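Visitor: Please show me how to read this model, feature by feature.

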Amino acid sequence: MEIFVRHAGPRDAPGLMLLHGYPQTSAMWHRVAPRLTANYHVICPDLRGYGRSGKPDTDADHTPYSKRVMARDMIHVMDHFGHRRFFLGAHDRGARVAHRLALDFEDRVNAMVLLDIAPTREMYRDAGTAFATAYWHWYFLIQAHPLPEQIIGNDPEAFWKLKCLNQAKGGNPFAADALAEYLDAFSTKAAIHASCEDYRAAATIDIQHDNDDCGRKFATPTRVFWAKRGAIAACFDALAPWRERAAHVDGEMLDATHYMAEEIPQDIATRMAEFFALHTATEAKA
């Protein structure tokens, strides 16, 4: 699997992986990552199915787009750079990959910060009308191929803007260069199909993997931030579902919308650095 990666900072500094969300690319960290490269080797991959990373064929169970497989991709990336243990920051879909990574590779992550999500299984379980209205794409993208692919493919740019600007409450927090990359990356049939597979996996095989854990909580120290003007704050008790899944978790609401890394990047970078400093790696490099 070919994974496209942006990285900067001293190669011998502690590793910090930043994972993006849907329907974006690693470019979403362009305002956060430079604020962290003095003290970390910051590594920002495009998840499989997104951006310039590979978009493999799927199967009936959506296995190639399970968060277990996507997490394994990220472990291979960090192995490539020589980071046995590392820090992890993630938003949206990337945070779902991070959640599974912390469960399957519990000895690899020193601490992680997750932005504006709750665990997938619990969100589907606890969803009501308000959430289904706000996150309509969760239920649209999981429909069987080729329905969502055909509808999105009629005008990918219009769909992207409808979904994302709606979550930004009608604003536009995206820098012109980043937005151009997002729209270009989302313009192909392969990218549209792969991103639908990401969501189909989330509603099926990912939940099965969660159930197979039989209530096991991940031990990685975790801090979550959720948006004051977002669906997590409006529809859920944001910390409660994480306390079902994580042994050590805290967090707070920030004055932002869903795209907080692009709206309040200095705040996000500072809060990440402060939390990671509490959990300085004893073994930053292998």
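**Reading the fold**

Guide: Start with Leu 47, which is buried, with a relative accessible area of 1%. Buried means under 20% relative accessible area, exposed means over 50%, and partly exposed lies in between, with a 1.4 Å probe and protein chains only.

Visitor: What kind of model is this, and how are residues numbered?

Guide: This is a predicted model, where local features need pLDDT of at least 70, side-chain atom pairs count only at pLDDT 80 or more, and totals for chains, interfaces and linings use all residues. Residues are numbered from 1 along each chain as its sequence is written, and side-chain values use heavy atoms, with hydrogens and water left out.

Visitor: Where does Leu 47 lie, and which residues does Leu 47 touch?

Guide: Elements come first: helices (H or I, at least four residues) and strands (E, at least two) are DSSP runs, numbered from the N terminus. Leu 47 sits in the loop between β3 and α1 (67-80). Contact means heavy atoms within 4.5 Å. Leaving out residues up to four places away in sequence, Leu 47 touches Leu 19, His 20, Ser 53, Met 70, Met 74, Gly 94 and Val 97.

Visitor: What is the strand order in the sheet?

Guide: Two strands pair if DSSP finds at least two bridges between them. Here an open sheet of seven strands has the order β1-β3-β2-β4-β5-β6-β7, with mixed pairing. β1 (5-8) and β7 (249-254) stand at the edges with a single partner strand each, so one side of each has no neighbour in the sheet. From one strand to the next, the twist averages 15°.

Visitor: In which sense do β1 and β3 pair, and how do β4 and β5 run?

Guide: β1 pairs with β3 (residues 41-45) in the antiparallel sense, over four bridges. There, Val 5 stands opposite Pro 45 in β3. β4 and β5 run parallel, joined by six bridges. Gly 89 stands opposite Val 113 in β5.

Visitor: How many residues of β5 are buried?

Guide: Seven of the seven residues of β5 are buried, so β5 is largely enclosed by the rest of the structure.

Visitor: Which strands does helix α2 lie across?

Guide: For angles, axes are lines fitted to C-alpha atoms, for helices over the stretch in contact; angles run from 0 to 180 degrees between N-to-C directions. Helix α2 (residues 93-104) lies across β2 (15-19), β4 (86-91) and β5 (109-115). The helix runs at about 145° to β4.

Visitor: How do α9 and α10 pack?

Guide: Two packed helices are described by the angle between their axes and the distance between the axes. For α9 and α10, the angle is about 35° and the axes are 3 Å apart. Ala 201, Ala 202 and Ala 203 in α9 meet Ile 205, Asp 206 and Ile 207 in α10. By class, this contact has five nonpolar residues, no polar and one charged. Ala, Val, Leu, Ile, Met, Phe, Trp, Tyr, Cys and Pro count as nonpolar, Asp, Glu, Lys and Arg as charged, and the others, Gly among them, as polar.

Visitor: Which residues of α8 are buried?

Guide: They are Ala 178, Leu 179, Glu 181, Tyr 182, Leu 183 and Ala 185. These buried residues pack against β1, α7 (156-167), α9 and α13 (260-263).

Visitor: How many cavities of 30 Å³ or more does the structure hold?

Guide: On a 1 Å grid over the protein atoms alone, a cavity is a set of points where a 1.4 Å probe fits but cannot get out; a pocket is an open set with protein on both sides within 12 Å along at least five of seven lines; lining residues have an atom within 4 Å of a point. Grid points are joined across faces, edges and corners, and a volume is the space filled by probe spheres set on the points. The structure holds two such cavities.

Visitor: What lines the largest cavity?

Guide: The lining is Lys 67, Arg 96, His 99, Arg 100, Thr 120, Ala 202, Asp 206 and Asp 210. α2 gives the most, with three residues. The space is about 100 Å³.

Visitor: And how much space lies in the largest pocket?

Guide: About 170 Å³. Of its 14 lining residues, the closest to the centre are Arg 6, Trp 29, His 30, Ala 33 and Cys 44. β1 supplies the largest share of the lining, three residues.
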